[in-house]
Amino acid sequence: MRDEFIIELWARIKPLVQAKDRLDAADAIVAVCDEFGFLDELGNHADLDSELRAAIKTQLEEDYDEDDNEYGDY
């Protein structure tokens with residue numbers, strides 16, 4: 001249910017954001033979703049558009065990089 005809400009929220013916000021700024025806006029929405037633990041469900045949804053999918057991929061890569069470096073390099 002949350003994933004449909006987020007996709008619908010993005011669908012309504014997207015036309016209000018200039019094309020050059022859409023990826024940044026999607027990144028912001030995805031970052032908030034990740035902070036609240038919604039990203040796992042959203043990342044598997046079939047109805048993601050290109051900006052939202054790219055933002056999720058970026059966020060998951062950042063989370064992975066942070067986890068790798070959590071204890072430092074040995």
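Asp3 has its place in helix 1, where helices (H or I, at least four residues) and strands (E, at least two) are DSSP runs numbered from the N terminus. The model is predicted, so local features need pLDDT of at least 70 and side-chain atom pairs count only at pLDDT 80 or more, while totals for chains, interfaces and linings use all residues. Residues are numbered from 1 along each chain as its sequence is written, and side-chain values use heavy atoms, with hydrogens and water left out.

The chain contains 4 helices and 0 strands, and its pattern along the sequence reads α-α-α-α. Of its 74 residues, 27% count as buried; buried means under 20% relative accessible area, exposed over 50%, and partly exposed in between (1.4 Å probe, protein chains only). The chain exposes about 5400 Å², of which carbon and sulfur atoms supply 53%; accessible areas come from the Shrake-Rupley method with a 1.4 Å probe, and for residues only the protein chains shown count as cover. Among contacts (heavy atoms within 4.5 Å) between residues at least 6 apart in sequence, 61% join residues at least 24 apart.

Asp3 itself counts as buried, at 12% relative accessibility. Apart from its neighbours within four places in sequence, Asp3 is in contact with Glu41, Leu42 and His45. The C-alpha atoms of Asp3 and Asp40 are separated by 9.5 Å, although these residues stand 37 residues apart along the chain.

Side chains of opposite charge can pair when their charged atoms come close. The structure holds 4 salt bridges, a salt bridge being a side-chain nitrogen of Lys or Arg within 4 Å of a carboxyl oxygen of Asp or Glu. One of them joins Glu8 to Arg12, with the closest N and O atoms 2.8 Å apart. Both residues lie in helix 1 (residues 2-13), separated by 4 residues, about one turn of the helix. Glu8 is partly exposed at 38% relative accessible area, whereas Arg12 is exposed at 60%.

Other salt bridges involve Lys14. Asp49 pairs with Lys14, the closest N and O atoms being 2.8 Å apart. Asp49 lies in the loop between helix 3 (39-43) and helix 4 (50-68), and Lys14 in the loop between helix 1 and helix 2 (22-35), so this pair ties together parts that are 35 residues apart in sequence. Glu51 also meets Lys14 in a salt bridge, at 2.9 Å from N to O. This pair links distant parts of the chain, as Glu51 is in helix 4 and Lys14 in the loop between helix 1 and helix 2, 37 residues apart. Glu51 counts as buried, at 17% relative accessibility.
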